[in-house]
Every structure is written in C-alpha cells, then in structure tokens.
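The following exercises concern a single protein chain.

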Amino acid sequence: LSSMTEQGLSRFILGNLVDYLFMASYGGFFFSITLLVTRKLNETSISRNIGYLISILGLSAAISDGLENIFILSMASNPVGFPAWLAFYHSLFAHIKFKLMYLSASWIALVTLYLVSAWILRTKWTMINLGGLSQRIET
C-alpha cells in the first residue's frame, strides 16, 4: 500500500466501501436460503432448530467481513504506520467470515440433498405402489 499512488489508494478505499454492498447481499442470501430449506424440514425435528441457528451464521459472516474491512480501511488510512498486531485481528475476522460462510453453504447443500433424496424416494415409492395397484386391478 505504501507504494500506491493517491489515485490508486482512493480506488482501493472505494472498492472496500463498495464491498459492504456485497456483504449485505451475500449475508441476506445465506440467511434467506438457509431459512427456506430449513422450513422444509419436519417441524418437530432438532435439525429444524439447528437450521434456524445456522441461518444467523450467514448474517454473522457478513458482519465479520465488515469488521475485517474496518481493519483494511484503517491500514489504508496509514499504510506505513499501521500497527502489525492489528493484522492478527484482520486475519481473525477473515478466518471467521470464511468458516461461517462454509458452514452456511454446507448446511444449504446437505439439507437440499436430503430434501431432494426424500422427494425422489417418495416419488419412486408412490410409483411402485401405483404400479402394483394397477396390476392388481387389471388381473
């Protein structure tokens, strides 16, 4: 950052500020999709309660990303005098962000796989039962 021109530094800061719009969009996406697939689960299952908790992780990932950007912006405001120990917290929030995004995306994938598999099995079972029923009626 210390070798950036004034215009380059301004673009860097603007890019990080625009990143907050991206955070809001992916935080809302993970929250909404997680709630959507979780609500398809059985109302009395513990999985549904876990899903509600995991839906908050998508929003938490975006908040963690915002905190990470605060450290990036503070580094940009003083690239030469930026205290090295703050880099630890920048990395920590980045790590937390990616872990929470991974957990949210994994939940969405697993529940979707479960729901699709259950639908396929139900459909096949219905087709098998209907096939047997129609055979009995014809004979």
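**Exercise 1. Identify the nonpolar surface patch and the elements that supply it.**

Step 1. Leu17, Tyr20, Ile63, Leu67 and Ile70 make up a nonpolar patch on the surface, and together they have about 440 Å² of accessible area. Accessible areas follow the Shrake-Rupley method with a 1.4 Å probe, and for residues only the protein chains shown count as cover. Patches consist of residues with over 30% relative accessible area and no salt bridge; nonpolar side chains (Val, Leu, Ile, Met, Phe, Trp, Tyr) are joined within 5 Å, like charges within 9 Å.

Step 2. At least two residues of the patch come from each of helix 1 (6-38) and helix 2 (46-77). Helices (H or I, at least four residues) and strands (E, at least two) are DSSP runs, numbered from the N terminus. Helix 2 gives the most to the patch, with 3 residues.

Step 3. Tyrosine 20 belongs to helix 1. Its relative accessible area of 31% makes tyrosine 20 partly exposed. Buried means under 20% relative accessible area, exposed over 50%, and partly exposed in between (1.4 Å probe, protein chains only).

**Exercise 2. State the basis of the model and its confidence.**

Step 1. The model is predicted: local features need pLDDT of at least 70, side-chain atom pairs count only at pLDDT 80 or more, and totals for chains, interfaces and linings use all residues. Residues are numbered from 1 along each chain as its sequence is written, and side-chain values use heavy atoms, with hydrogens and water left out.

Step 2. pLDDT is the predictor's confidence in each residue, from 0 to 100. The chain has an average pLDDT of 85, and 86% of the residues score at least 70.

Step 3. Within the chain, helix 2 has the highest confidence, at a mean of 92, and helix 3 (residues 85-138) the lowest, at 81. Over residues 134-139 pLDDT stays under 50, and the model has 0 contacts there beyond four places in sequence. A contact means heavy atoms within 4.5 Å.

**Exercise 3. Describe the overall fold and its nonpolar core.**

Step 1. The chain contains 3 helices and 0 strands, in the pattern α-α-α along the sequence.

Step 2. Among contacts with a separation of 6 or more, 75% join residues 24 or more positions apart. Of the 139 residues, 29% count as buried. The chain exposes about 9500 Å², of which carbon and sulfur atoms supply 71%.

Step 3. The largest nonpolar core has 14 residues, and those with the most contacts inside it are Tyr26, Phe30, Ala61, Met101, Trp107 and Val111. Helix 1, helix 2 and helix 3 are the elements that give two or more residues to this core, and helix 3 gives the most, with 5 residues. A nonpolar core is a set of buried Ala, Val, Leu, Ile, Met, Phe, Trp, Tyr and Cys residues joined through side-chain atoms within 4.5 Å.

Step 4. Not counting residues up to four places away in sequence, valine 111 touches Val37 and Leu41.

**Exercise 4. Locate isoleucine 96 relative to serine 64.**

Step 1. Isoleucine 96 lies in helix 3 and is partly exposed, at 31% relative accessibility.

Step 2. Isoleucine 96 and serine 64 are 32 residues apart in sequence, and their C-alpha atoms are 6.7 Å apart in space.

Technical notes
Salt bridge = Lys/Arg side-chain N within 4 Å of Asp/Glu carboxyl O.
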